[in-house]
Amino acid sequence: MTLAARYTSARTLDTAPVEPFPPGPGEVELAPAFVGICGTDLHIFHGDMDARVRTPAVLGHEMSGRVVRVGPGVEGWAPGDAVTVMPLRWDDTCPACRAGHQHVCQHLDFIGIDSPGAMQQRWTVPASTLIRLPESLALDRAALVEPTAVAVHDVGRAKVAEGEKVVVVGGGPVGILIALVARAAGAEVRVVELSPHRRLLAEELGLATWDPAATDVPELVREWTGDAGADVAFEVSGAAGGVDTAVDVLGVRGRLCLVAIHPRPREINLHRFFWRELTLIGARLYDRSDFENAVALVADGTIPAERLISKVVPLTEAPAAFEALEGGGNVMKILVDCTDDTQGATA
């Protein structure tokens, strides 16, 4: 048996022994080392995704770990290899897949939501989902590769170019990662965030920030851009006010990249879209190249992953970690340590 953190009902997690699945053909058994808790995990914890999640559900898709066993027919992987997982399983037959957009497959299995995730001591996944990690990259930092891949995909979808002025609305983990990736692409970046703790962290990372409660952000953008407006805005807050800000800061033919998952329809100033010929861009998940670029950015320190890790807790404390994250503002990323030394995992 192996230990897992499981969602059982709204606001209820437990840690319990589960039977590990040996790897079948084309599969690999992993020993997860560190697993991050993200906003989607919190939505599940709150019961907001009960129509989709089958309980008891093992959560977690932001992870790092090592290969333990490989199944029949698997080549190129061996026990001890350091890996992360791109947690997507698609059908390759739907219209989206046939058009080359497998990451938004119309029947997508998002591993860790639609099927068991990484918050356990042993985890069997398709070998096709593995992404190799350099041995020089510490596994706690490598757990941030998945959210970094989100940021890489978002910045790519928005086609951020060198010299452009970019406003990121929402300075949580993904917002900070988007700001760092956009800066690495040569953009000038401003982060809009209510939380003093998150603004301070962003500033320590060399990012300029604005407090929307204390300043007129669109006016600051006009001053910053010489009345031109921003080239790109990322809406990462998930709040109605964040949508308004992201639209209001854009200049003529600006691009609004929608990153946050809004649980309900929002009003939006369509007149401004007409008047300034704005473009709205959806950005969801990532592809393999986004993941590989994210590995490189974390490994070379462009993404200072260690600065974004607020706390590391053992697997048995995962339920309490979810409760700690609900406070939001003073915490960035909590990692769950799934290392199981008793079974000989190298993590």
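Visitor: Why is Cys 94 called buried?

Guide: In this predicted model, Cys 94 has a relative accessible area of 3%. Buried means under 20%, so Cys 94 counts as buried.

Visitor: What makes Leu 285 buried or exposed?

Guide: Its relative accessibility is 13%. The limit for buried is under 20%, so Leu 285 is buried. You can find Leu 285 in the loop between β16 (279–282) and α10 (288–299).

Visitor: Which residues does Leu 285 touch, leaving out those up to four places away in sequence?

Guide: Leu 285 touches Leu 88, His 103, Leu 108, Phe 110, Val 150 and His 153. There is also Ala 151, 134 residues apart from Leu 285 in sequence, yet the C-alpha atoms of the two are 9.0 Å apart in space.

Visitor: How do you know that the buried residues of α6 line one face of the helix?

Guide: The buried residues of α6 (196–204) are Arg 198, Arg 199, Leu 201 and Ala 202. Seen down the helix axis, they fall within an arc of 160 degrees, so they line one face. Their cover includes α5 (173–184), β13 (208–210) and α11 (305–308).

Visitor: What is found at the start of α6, and what follows the helix?

Guide: At the start, a side-chain oxygen of Ser 195 comes within 3.3 Å of the backbone nitrogen of His 197. After α6 comes Gly 206, with a positive phi near 85 degrees.

Visitor: Which residues have the most contacts inside the largest nonpolar core?

Guide: That core has 102 residues, and those with the most contacts inside it are Leu 30, Met 119, Leu 130, Val 160, Val 168, Phe 234 and Tyr 286. Its largest share, 7 residues, comes from α5. Apart from this core lies another, of 16 residues, including Ala 246 and Leu 278.

Visitor: What does Phe 234 touch?

Guide: Among its contacts beyond four places in sequence are Val 160, Val 168, Ile 178 and Cys 257.

Technical notes: Residues numbered from 1 in each chain as written. Predicted model: local features only at pLDDT ≥ 70, side-chain atom pairs only at ≥ 80, totals over all residues. Heavy atoms only, no water. Buried < 20%, exposed > 50% of the residue type's maximum accessible area, 1.4 Å probe, protein only. Helix = DSSP H or I, 4+ residues; strand = E, 2+ residues; numbered from the N terminus. Arc of directions from axis to C-beta. Contact = heavy atoms within 4.5 Å. Polar contact = N/O pair within 3.5 Å; in protein donor to acceptor, adjacent residues only side chain to side chain. Core = buried A, V, L, I, M, F, W, Y, C linked by side-chain atoms within 4.5 Å.
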